[in-house]
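User: I would like to learn how to read the features of a structural model, one kind of feature at a time. Could you take me through this one, giving the general idea before each case?

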Amino acid sequence: MARTVTGLGLTLALFTGGLLTAGAAHAQPVTEGTVAFDGDEGDYISGGRSYSYAADTDRIQVVGSAARGLVDVNVSGTNGDWWSISLAAPDGQQLKAGTYEGATRHPFNEGNAPGLNHDGNGRGCNQLTGSFTISKISWGPNGYVEALDATYEQHCEGGPAALRGRVHIKNPAPPVELSLGVGVSVDGTASALNGRATVKGEVTCNKPVRVDVSGLVTQVKRNILIRGSYATSVNCVPGAPVAWSAEADPTGTTPFQAGDVEVKVTATGYDTDYQVGVSASDIAAVHLTKVKK
């Protein structure tokens with residue numbers, strides 16, 4: 001999708017997804033939620049005790065996979081306890097409301113078997129069997145978990161003793177994803193002093209971000225291929241295009257000259273809300289005018 005910015009003759013190639021870090025996920029603090037579990041006598045993980053944690057007093061974090069097939073819940077209790085709970089859909093599937101039977105230890109579950117694992121405080125199962133039920137799950141972009149209500153049961157080493165747990169998570173609505181647009185002006189300059197080409201353009205964004213702009217200038221003169229790369233950075237703010245300008249130094253001994261060139265540009269920024277890189281690109285024919293400086 002492209003749109004033209006009036007006044008500069010720029011064609012902006014609007015970014016529509018293309019994350020640089022595919023499948024990225026990061027620890028997301030839980031603003032409202034609880035984790036509680038207890039075990040039968042003989043359960044190795046719980047020791048037959050009951051535990052309960054709340055986000056207003058303990059640290060609870062959730063990590064969702066970008067493919068929406070896995071949720072990890074991590075608990076750091078104010079008393080020093082630490083626990084990790086993993087709920088995984090079978091390979092290639094997304095987690096959604098329903099009951100998942102025949103779970104085996106995540107991340108070693110394979111094929112149609114869902115994954116489950118509750119460990120912590122220095123204790124874990126070598127092998128486990130179990131099941132879990134998700135009564136509610138709400139996803140945002142890039143693995144953002146807005147809501148989760150789940151119960152689970154696991155048995156270590158094939159034993160009869162069970163650990164049973166409950167997870168409740170409610171987070172704010174997901175932040176907007178970062179999107180970028182970038183364009184190249186149809187005019188530039190070729191310096192008679194140092195042989196460099198100066199190109200320019202604009203970037204757009206939907207939230208404040210530092211944008212790295214880089215690219216390649218290519219020209220053919222008298223059957224000689226002239227190329228040079230460039231790079232610069234700008235601080236982008238929403239609401240209006242932000243101008244960028246950069247110099248490309250020719251890689252060989254032939255300087256850039258007056259005439260037409262091809263300019264490729266890529267703009268990259270980092271979405272701090274989702275901890276992923278985002279990019280947009282464009283390519284344009286640009287006419288260089290010779291200047292003496």
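Predicted model: local features only at pLDDT ≥ 70, side-chain atom pairs only at ≥ 80, totals over all residues.

User: How many helices and strands does the protein have?

Analyst: Helices (H or I, at least four residues) and strands (E, at least two) are DSSP runs, numbered from the N terminus. By that reading the protein has 0 helices and 21 strands.

User: Is the protein spread out or compact by the globule rule?

Analyst: The radius of gyration is taken over C-alpha atoms, and the globule rule is 2.2 Å times the number of residues to the power 0.38. Here the radius of gyration is 27 Å, well over the 19 Å that the rule gives for 293 residues, so the protein is more spread out than a compact globule. Along its principal axes the C-alpha trace spans about 85 × 35 × 35 Å.

User: What share of the contacts links residues 24 or more positions apart, and what share of the residues is buried?

Analyst: A contact means heavy atoms within 4.5 Å, and among contacts with a separation of 6 or more, residues 24 or more positions apart account for 63%. Buried means under 20% relative accessible area, exposed over 50% and partly exposed in between, with a 1.4 Å probe and protein chains only; buried residues make up 46% of the 293 residues.

User: Which residues have the most contacts inside the largest nonpolar core?

Analyst: In soluble globular proteins, nonpolar side chains tend to be buried together. A nonpolar core is a set of buried Ala, Val, Leu, Ile, Met, Phe, Trp, Tyr and Cys residues joined through side-chain atoms within 4.5 Å. The largest one has 34 residues, and those with the most contacts inside it are V71, V73, L95, F132, L148 and Y152. A second, separate core of 31 residues includes V182, C205, A248 and L288. Returning to F132, and not counting residues up to four places away in sequence, its contacts include L87, L95, Y100, P114, L116 and Y152.

User: How many aromatic pairs are there, and which parts does the pair of F37 and Y51 tie together?

Analyst: Rings of Phe, Tyr and Trp (its six-membered ring) pair if their centres lie within 6.5 Å; planes under 30 degrees apart count as stacked, over 60 as edge-to-face and the rest as tilted. The count comes to 7 aromatic pairs. F37 and Y51 form a stacked pair, at 4.8 Å centre to centre with 20 degrees between the planes. F37 lies in strand β4 (residues 32-39) and Y51 in strand β5 (residues 50-54), so the pair ties together parts that are 14 residues apart in sequence. F37 counts as buried at 1% relative accessibility, and Y51 counts as buried at 11%. The rings of Y100 and F132 have their centres 4.7 Å apart and their planes at 15 degrees, so this pair is stacked. Y100 lies in strand β9 (residues 98-105) and F132 in strand β11 (residues 128-139), so the pair ties together parts that are 32 residues apart in sequence. Both Y100 and F132 are buried.

User: Which residue lies over the face of Y44?

Analyst: A charge sits over a ring if NZ of Lys or CZ of Arg is within 6 Å of the ring centre and within 35 degrees of the ring normal. In this model R123 lies over the face of Y44, at 5.0 Å from the ring centre.

User: Where is the cis peptide bond, and what is the phi of R68 and of Q275?

Analyst: Most residues other than glycine have a negative phi, and most peptide bonds are trans. A cis peptide bond joins H106 and P107, with omega about 10 degrees, and P107 lies in the loop between β9 and β10 (115-120). Phi of R68 is near 65 degrees, a positive value; R68 is in the loop between β6 and β7 (70-76) and counts as partly exposed at 28% relative accessibility. Phi of Q275 is near 55 degrees, again positive; Q275 lies in the loop between β20 (259-271) and β21 (276-291) and is partly exposed, with a relative accessible area of 40%.

Note on methods
Residues numbered from 1 in each chain as written. Heavy atoms only, no water.
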